[in-house]
Amino acid sequence: MVKKANRRPNKPVKKHRRGSMTKEERLAAAPKMALMKSPDVFYKIRRYASWYYVSAETAISELRSVGVEITDRDVSAFKRYRAEQKRMKRERREKLKQKQEIPLFDDSDETYAYIAGYTPWGFPYGVTWEQMEELNDTEDSEWQTDENPF
């Protein structure tokens, strides 16, 4: 008979201590963080916020109270940066959703927009998504000419 290895009993998952720190505890620990040596203000804000599980606004106010030089110009640039990141993420999500919603052909996959057939060994062949985008771009540009044939 084979002996089973002793396993440790499952322990409840503890919340990170730094996630439950009070403001005073965070402010006391902040100057010891290695991120304070970085010259990049954006990095300091992002890292402090993610390390202590606080919002970016809280990170900015607490870093300022610790003595990190964050100008109003840095804050507005950071807010623009965050807005741009959110916009880009939204656009990526919409583009992916749009691509998933409109199946052009019944027989397609992640590589081929249209599968014309299969080789004797079972490999598909047809029009790839890149080729389909090129075709769509050329068709759009043909319709945007100033000349009217009629």
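In which helix do F78 and Y81 lie, and how many residues apart are they? Both lie in helix α4 (residues 72-101), three residues apart, which is about one turn of the helix. Helices are DSSP runs of H or I with at least four residues, numbered from the N terminus.

The model is predicted, so local features need pLDDT of at least 70 and side-chain atom pairs count only at pLDDT 80 or more, while totals for chains, interfaces and linings use all residues. Residues are numbered from 1 along each chain as its sequence is written, and side-chain values use heavy atoms, with hydrogens and water left out.

View 1. Rings of Phe, Tyr and Trp (its six-membered ring) pair if their centres lie within 6.5 Å; planes under 30 degrees apart count as stacked, over 60 as edge-to-face and the rest as tilted. By this rule there are four aromatic pairs. The ring centres of F78 and Y81 are 6.2 Å apart and the planes stand at 40 degrees, so this pair is tilted. F78 is buried at 2% relative accessibility, whereas Y81 is partly exposed at 28%. Buried means under 20% relative accessible area, exposed over 50%, and partly exposed in between (1.4 Å probe, protein chains only). Ring pairs also link F42 with F78 and Y81 in a cluster.

**View 2. Salt bridge between R26 and E62.** A salt bridge is a side-chain nitrogen of Lys or Arg within 4 Å of a carboxyl oxygen of Asp or Glu. The whole structure holds four salt bridges. In the one between R26 and E62, the closest N and O atoms are 2.6 Å apart. R26 belongs to helix α1 (residues 23-29) and E62 to helix α3 (residues 56-66), so the pair ties together parts that are 36 residues apart in sequence. R26 and E62 are both buried.

**View 3. Salt-bridge network of E84, R87 and E91.** R87 forms a salt bridge with E84, with 2.3 Å between the closest N and O atoms. The side chain of R87 also meets that of E91 in a salt bridge (2.4 Å, N to O). Salt bridges that share partners join E84, R87 and E91 into one network. In helix α4, R87 and E84 are three residues apart, about one helical turn. R87 and E91 are four residues apart in helix α4, again separated by about one helical turn. R87 is partly exposed, with a relative accessible area of 29%. E84 is partly exposed at 33%, and E91 is partly exposed at 40%.

View 4. D137 is found in helix α5 (residues 129-143) and is exposed at 51% relative accessibility.

**View 5. Backbone at Y53.** Phi of Y53 is near 55 degrees, a positive value in a residue other than glycine. Y53 sits in the loop between α2 (41-52) and α3. At 46% relative accessibility, Y53 is partly exposed.

Technical notes
Helix = DSSP H or I, 4+ residues; strand = E, 2+ residues; numbered from the N terminus.
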